[in-house]
Number of protein chains: 2
Amino acid sequence: MILCDIGNTSYHFLDEQKDYKKDVETFNALSVDEKVYYISVNSNVNAVLEKLDNWIDLSQFIDRKKYYETMGIDRIFAVEAVTNTVIVDAGSAITVDVVKYGNFEGGFIYPGVDAMRQTYKNISPALDYSFNFDLDLDIMPKNSQDAISYGFLKTLYSEVMHHELPVVLTGGNAKELHKIFKNASLNETLIFDGMKQIIKKAILC
Amino acid sequence: MILCDIGNTSYHFLDEQKDYKKDVETFNALSVDEKVYYISVNSNVNAVLEKLDNWIDLSQFIDRKKYYETMGIDRIFAVEAVTNTVIVDAGSAITVDVVKYGNFEGGFIYPGVDAMRQTYKNISPALDYSFNFDLDLDIMPKNSQDAISYGFLKTLYSEVMHHELPVVLTGGNAKELHKIFKNASLNETLIFDGMKQIIKKAILC
């Protein structure tokens, strides 16, 4: 079974245990003969794939009433993978979704690591620091690097932890955030887990 | 007694109860004959004022050991104005400083309203919304505008409130933030209060 999570820049495949990426610009979906179960946030790719019989769009098996209209399909599949969890998906944005007893409670969007770093730099060259992920969150900062690191990370941490649920980290910056969310679990293939759940529920294989 | 808080773009005067601003580019400090007590974060202006006998730099009367080296003088004077308070100064950046029993505990820097709006817009055109300051912070968002508003505001709110101290709002966006920090007090002349305290302590008048 081949799974594929398609974003704006790449096809992310999971073929049994092996995962790999292909560039959206250069990859030819016609080159795959096997059945591929996919989700995609890329409308150009969608237009191509919907004409191919062996590419099966898993988004059609989602009960969309549980979610909101503009919510990204990748967030929805991460939510489908868990039951009692706060999901922190750290990419260009950090999306935080709360799932209680299998119900999606809602979620919020926070800027990603790179976006936030650029924001501080734009406010003032005096705030052009990389973030200190080894920051002690229990101590109020007394220098500029820690002051922006705390501003970015502790605010997010306080809000996430206040839900009193297990936390799972996923996405490109998950490992960095793990230094702050020390008790969280790391799951870089959470969306694939959600896809497998939906396949099972829809009895597709 | 004339007080003046000088930033990168303007001189902000308080003359008894009247406050007014003058543009840094066009205002001539030599045009003032009275004694002016000032603080300034503007190094160009500093170079001019230190040659004028009637302009008195209040920063010299601060015990800098209580603060950290790169901390802005405007933040320091806001801290000098209070004893048990979290100060939220909402300008191009939002600085949050914690004062307990008259001691500066430390503080952090969060992006300001305009900077954060631009950040979301840069991440994706799908996140180009103004913030909803009427957001109910007790409900997890289920639409994109609320998802970014909550990401910006609730994270800040959770962290500020966790200090369990009275909150005072100041700076250009204080009124907007007051919709979120409903129990906070609003003090748009907090820095001037700090200047008055220092004048009193230094027995300058």
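Predicted model: local features only at pLDDT ≥ 70, side-chain atom pairs only at ≥ 80, totals over all residues.
# A walk through a two-chain model

Let's begin at one residue: B:Tyr38 is buried, because its relative accessibility is 2% and anything under 20% counts as buried. You will find B:Tyr38 in strand S4 of chain B, which covers residues 36–40. What surrounds B:Tyr38, once its neighbours within four places in sequence are left aside? Its contacts are B:Cys4, B:Ile6, B:Asn46, B:Leu49, B:Glu50, B:Trp55, B:Ile56, B:Asp57, B:Leu58, B:Ser59 and B:Met195.

Chain A has a mean pLDDT of 94, and 99% of its residues reach 70 or more. For the complex, the predictor gives an ipTM of 0.89 and a pTM of 0.90.

Now move to chain A and look at helix H3, residues 113–123. Which residues of this helix are buried? They are A:Val113, A:Ala115, A:Met116, A:Thr119 and A:Tyr120. If you look down the axis of H3(A), these buried residues fall within an arc of 165°, so they line one face of the helix.

What do the buried residues of H3(A) pack against? Within chain A, their partners are strand S8 (103–111) and helix H4 (144–161). From chain B, strand S8 (103–111) and helix H3 (113–123) join in. This brings us to the place where the two chains meet.

The contact takes 37 residues from chain A and 37 residues from chain B. Between them, about 2,900 Å² of area is buried, and carbon and sulfur atoms give 68% of it. Three residues, A:Ile109, A:Met140 and A:Lys142, supply 21% of the area that chain A buries against chain B, more than any other three residues.

Polar groups take part in this contact too: 17 residue pairs are in polar contact between chain A and chain B, counting pairs with both residues at pLDDT 80 or more. On the side of chain A that touches chain B, the elements giving two or more residues are strand S7 (93–100), S8, H3 and H4 of chain A. The largest share of that side, 10 residues, comes from H4(A). There are also two salt bridges between chain A and chain B. A:Glu159 forms a salt bridge with B:Lys154, with the closest N and O atoms 3.4 Å apart.

Salt bridges also form inside a chain, and over all chains the structure holds 16 of them. Take A:Lys201 and A:Glu80, whose closest N and O atoms are 3.4 Å apart. A:Lys201 lies in helix H6 (residues 190–201) of chain A and A:Glu80 in helix H2 (residues 73–80) of chain A, so this pair ties together parts that are 121 residues apart in sequence. Are the two partners buried or exposed? A:Lys201 is exposed, with a relative accessible area of 58%, whereas A:Glu80 is buried, at 9%.

A second example is A:Asp128, which forms a salt bridge with A:Arg117, the closest N and O atoms being 3.2 Å apart. Here A:Asp128 lies in the loop between H3 and H4 of chain A and A:Arg117 in helix H3 of chain A, so the pair ties together parts that are 11 residues apart in sequence. A:Asp128 counts as partly exposed at 34% relative accessibility, and A:Arg117 is partly exposed at 34% as well.

Our last pair is A:Asp134 and A:Lys179, whose side chains meet in a salt bridge at 3.6 Å, N to O. The pair links distant parts of the chain, 45 residues apart: A:Asp134 sits in the loop between H3 and H4 of chain A, and A:Lys179 in the loop between helix H5 (174–178) and strand S10 (185–186) of chain A. A:Asp134 counts as exposed at 60% relative accessibility, while A:Lys179 is partly exposed at 42%. Finally, salt bridges that share partners join A:Lys66, A:Glu80 and A:Lys201 into one network.

Key
Residues numbered from 1 in each chain as written. Chains lettered and ligands numbered in written order. Heavy atoms only, no water. pLDDT = per-residue confidence, 0-100. Buried < 20%, exposed > 50% of the residue type's maximum accessible area, 1.4 Å probe, protein only. Helix = DSSP H or I, 4+ residues; strand = E, 2+ residues; numbered from the N terminus. Arc of directions from axis to C-beta. Contact = heavy atoms within 4.5 Å. Buried area = accessible area lost by both parts, 1.4 Å probe. Salt bridge = Lys/Arg side-chain N within 4 Å of Asp/Glu carboxyl O. Polar contact = N/O pair within 3.5 Å; in protein donor to acceptor, adjacent residues only side chain to side chain.
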